[in-house]
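Take a moment with the sequence and the 3D view before reading on. Turn the view slowly, and keep an eye on the place where the chains meet.

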Protein chains: 2
Amino acid sequence: MGRWEPNARGRLEQAALELYGEHGFDATTAKQIAERAGLTERTFFRHFADKREVLFPHGNPLLERLVGALADVPPETAPIDAVSAALQGASDLFRERGDLARRRQAVIAAHAELRERELIKLAALAAALAGALRERGVPEPAARLAAEAGMAAFGVAFDRWIVDPEGLDLSRLVRDAFTELKAVASGGGL
Amino acid sequence: MGRWEPNARGRLEQAALELYGEHGFDATTAKQIAERAGLTERTFFRHFADKREVLFPHGNPLLERLVGALADVPPETAPIDAVSAALQGASDLFRERGDLARRRQAVIAAHAELRERELIKLAALAAALAGALRERGVPEPAARLAAEAGMAAFGVAFDRWIVDPEGLDLSRLVRDAFTELKAVASGGGL
């Protein structure tokens, strides 16, 4: 299994996102990513099944963080406010990744197939969030509507944040977007 | 170009949906579809590029109907109510298709790749709806939030309707789902 490489996974991710940005996702090879990271191709494949998995890791850490944040929300909280609180709580995960998140988003935005993959991932996230709400006792269709409308608000916040991930506060943008969602849903926004 | 076949496209669609339901989407061939419809394979390929296009036709007639219905909504209508009215107006399209819509949905529900394709189509529909709202003068993020939250409400209505498309009124279910969306977004639904 070769030598232990300090933070090999993080170095590979950084190198991959740089190369996807410079040459495009399709033109980048695992070999080039490993070279840029100063590691071997074998090490790349110990961490990622293929170059797409760098962008879409298994296990969905965001979902885990969301479900964890939801568990901290008092049970009497309205479903839409619970979703807002969970998304604000999970925002840390993005803050920690800062510039990596911005690079990842630029790569995805430039590639139709990756955009589709991202859509599917976000839909799975909304479905999981609806499931977590049902487990808290929220009935249908409130669980689904709160999760899906909430993900729409999160999308608005995320797109504002990604322009300047080091300078802007995602958690605050999430809160603002939920305020806007509530205004729109109650017949405002014209 | 062979003889003129009365309603060839409709007969091919009906035959395809029957066969996808009976044998699964993957196991069905264009030849079998043509045979079931009493037509030639050549006629099938005059109407559809492949067997997937039967489920996802070019041109998206629902989008055209939606944009047309939106044009009939008075300009002073709140964005969320304009989306509701447009989706209620476009419901006719489903009513006309009745049992075909139910069969199509069952085929898609049974097949992971088709479910992903449907998600991508619905996201494109939400984006187009947001664009149509912007053209009516609705600012962002209200346009996007109204379109995406509205599609969530439509999804709830559609899933209720598809159980009994001949007996239930989709337009009314859409109206009800928007009422539920408004309640959830304003902090209800617990």
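The paragraphs below go from one chain to the pair, and then to the contacts between helices.

This is a predicted model. Start with chain A. Its secondary structure comes to 8 helices and 0 strands. Read along the sequence, the pattern is α-α-α-α-α-α-α-α. The C-alpha trace of chain A spans about 55 × 35 × 30 Å along its principal axes. Chain A has 190 residues, and buried residues make up 36% of them. Now look at contacts within chain A between residues at least 6 apart in sequence. Of these, 59% join residues at least 24 apart.

Next, bring in chain B. How many degrees of rotation superpose chain B on chain A? The rotation is 180 degrees, with 0.0 Å of shift along its axis and an RMSD of 0.0 Å. That is the relation of a two-fold axis. To find the axis in the view, look for Ala149(B). Of the residues of chain B, Ala149(B) comes closest to the rotation axis, with its C-alpha at 2.4 Å.

Now turn to the interface. The contact takes 30 residues from chain B and 30 residues from chain A. On chain B, four helices each supply at least two residues of the side that touches chain A: H5 (79-109), H6 (112-135), H7 (142-161) and H8 (170-185). Which of them gives the most? H7(B) does, with 9 residues. The side of chain B that touches chain A divides into 20 nonpolar, 4 polar and 6 charged residues. Of the interface residues of chain B, 100% are also interface residues in chain A, so the copies meet through the same surface.

H7(A) covers residues 142-161 of chain A, and its axis lies 9 Å from that of H7(B). The two helices pack at an angle of about 160 degrees. H7(A) and H7(B) are therefore roughly antiparallel, since the angle is over 145 degrees. Their crossing is right-handed. From H7(A), the contact uses Arg144(A), Leu145(A), Glu148(A), Ala149(A), Ala152(A), Ala153(A) and Val156(A). From H7(B), it uses Arg144(B), Leu145(B), Glu148(B), Ala149(B), Ala152(B), Ala153(B) and Val156(B). The residues of this contact divide into 10 nonpolar, no polar and 4 charged.

Helix H6 also meets its copy. The axes of H6(A), residues 112-135, and H6(B) come within 10 Å. They cross at roughly 95 degrees. That makes H6(A) roughly perpendicular to H6(B). Glu116(A), Leu119(A), Ile120(A) and Ala123(A) make the contact from H6(A). Glu116(B), Leu119(B), Ile120(B) and Ala123(B) make it from H6(B). This contact divides into 6 nonpolar, no polar and 2 charged residues.

Is Lys182(A) buried or exposed? Lys182(A) has 20 C-beta neighbours inside 10 Å, so it counts as buried. Lys182(A) and Ala149(A) are 33 residues apart in sequence, and their C-alpha atoms are 9.7 Å apart in space. Which residues does Lys182(A) touch, leaving aside its neighbours within four places in sequence? Lys182(A) is in contact with Ala185(B) and Ser186(B), across in chain B.

Note on methods. Residues numbered from 1 in each chain as written. Chains lettered and ligands numbered in written order. Predicted model: local features only at pLDDT ≥ 70, side-chain atom pairs only at ≥ 80, totals over all residues. Least-squares fit on C-alpha atoms with pLDDT ≥ 70 in both. Contact = placed C-beta atoms within 7 Å. Nonpolar A, V, L, I, M, F, W, Y, C, P; charged D, E, K, R; others polar. Axes fitted to C-alpha atoms, helices over the stretch in contact; angles between N-to-C directions. Parallel < 35°, antiparallel > 145°, perpendicular 65-115°, else oblique. Left-handed = near helix turned anticlockwise from the far one by under 90°. Buried ≥ 20, exposed ≤ 12 C-beta atoms within 10 Å, placed from the backbone.
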